[in-house]
Amino acid sequence: MTLPRIALFALALALAPFCSAWAQGDSLQDANQLFRQGQFDRAMDRVNGYLAQRPKDARGRFLKGLILTEQNK
């Protein structure tokens, strides 16, 4: 490999953990948007997927509680 390729590979490895956290945050934002649109079942699926990775996350648990309240559960 050439030096630029090695540098790009090292940069990609260094940024990988941050990309995962960013994608999980987007999942919660998507769930919140679905909740606001009244699509409670889809929002619940997104929140459950998010909480599977981060079960103690307060924002995810709170949003799940809001969805359950709207569904009268």
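In this predicted model, helix H2 (residues 40–53) packs with helix H3 (residues 58–70) at an angle of about 155 degrees, and their axes lie 10 Å apart. Angles over 145 degrees count as roughly antiparallel, and H2 and H3 are therefore roughly antiparallel to each other. The crossing of these two helices is left-handed. An angle and a distance may look like a brief summary, but two packed helices are described by the angle between their axes and the distance between the axes.

Which residues of H2 and H3 meet? On the H2 side they are Phe40, Ala43, Met44, Val47, Asn48, Tyr50 and Leu51. Their partners in H3 are Arg59, Gly60, Arg61, Leu63, Lys64, Ile67, Leu68 and Glu70. Sorted by class, this contact of H2 with H3 has 9 nonpolar, 2 polar and 4 charged residues.

The chain holds 3 helices and 0 strands, and its elements run α-α-α from the N terminus on. Of the 73 residues, 22% are buried. The accessible surface of the chain is about 5600 Å², and carbon and sulfur atoms account for 60% of this area. Contacts also link parts of the chain that are separated in sequence: among those between residues at least 6 apart, 45% join residues at least 24 apart.

Helix H1 (residues 3–36) can be followed through some of its residues, including Ser27. Is Ser27 buried or exposed? Its relative accessibility is 18%, so Ser27 counts as buried, the cut-off for that label being under 20%. Leaving aside neighbours within four places in sequence, Ser27 is in contact with Arg46 and Tyr50. Asp26 also has its place in helix H1. With a relative accessibility of 29%, Asp26 counts as partly exposed. Asp26 and Tyr50 are 24 residues apart along the chain, and their C-alpha atoms are separated by 9.5 Å.

Asp30 counts as partly exposed, because its relative accessibility is 33%. In sequence, Asp30 and Val47 are 17 residues apart, while in space they are 8.9 Å apart, C-alpha to C-alpha.

Ala31 lies in helix H1 as well. Its relative accessible area is 0%, so Ala31 is buried. What does Ala31 contact, leaving aside its neighbours within four places in sequence? The partners are Ala43, Arg46, Val47 and Leu63. Ala31 and Lys64 are 33 residues apart along the chain, with their C-alpha atoms separated by 9.3 Å.

Most residues other than glycine have a negative phi. Asn72 has a positive phi of about 60 degrees although it is not a glycine. Asn72 is exposed, because its relative accessible area is 72%, and the label applies over 50%.

Terms used
Residues are numbered from 1 along each chain as its sequence is written. This is a predicted model: local features need pLDDT of at least 70, side-chain atom pairs count only at pLDDT 80 or more; totals for chains, interfaces and linings use all residues. Side-chain values use heavy atoms; hydrogens and water are left out. Axes are lines fitted to C-alpha atoms, for helices over the stretch in contact, and angles run from 0 to 180 degrees between N-to-C directions. Helices (H or I, at least four residues) and strands (E, at least two) are DSSP runs, numbered from the N terminus. Angles under 35 degrees count as roughly parallel, over 145 as roughly antiparallel, 65 to 115 as roughly perpendicular and the rest as oblique. A crossing is left-handed if the near helix is turned anticlockwise from the far one by less than a right angle, and right-handed if clockwise. Contact means heavy atoms within 4.5 Å. Ala, Val, Leu, Ile, Met, Phe, Trp, Tyr, Cys and Pro count as nonpolar, Asp, Glu, Lys and Arg as charged, and the others, Gly among them, as polar. Buried means under 20% relative accessible area, exposed over 50%, partly exposed in between (1.4 Å probe, protein chains only). Accessible areas come from the Shrake-Rupley method with a 1.4 Å probe; for residues, only the protein chains shown count as cover.
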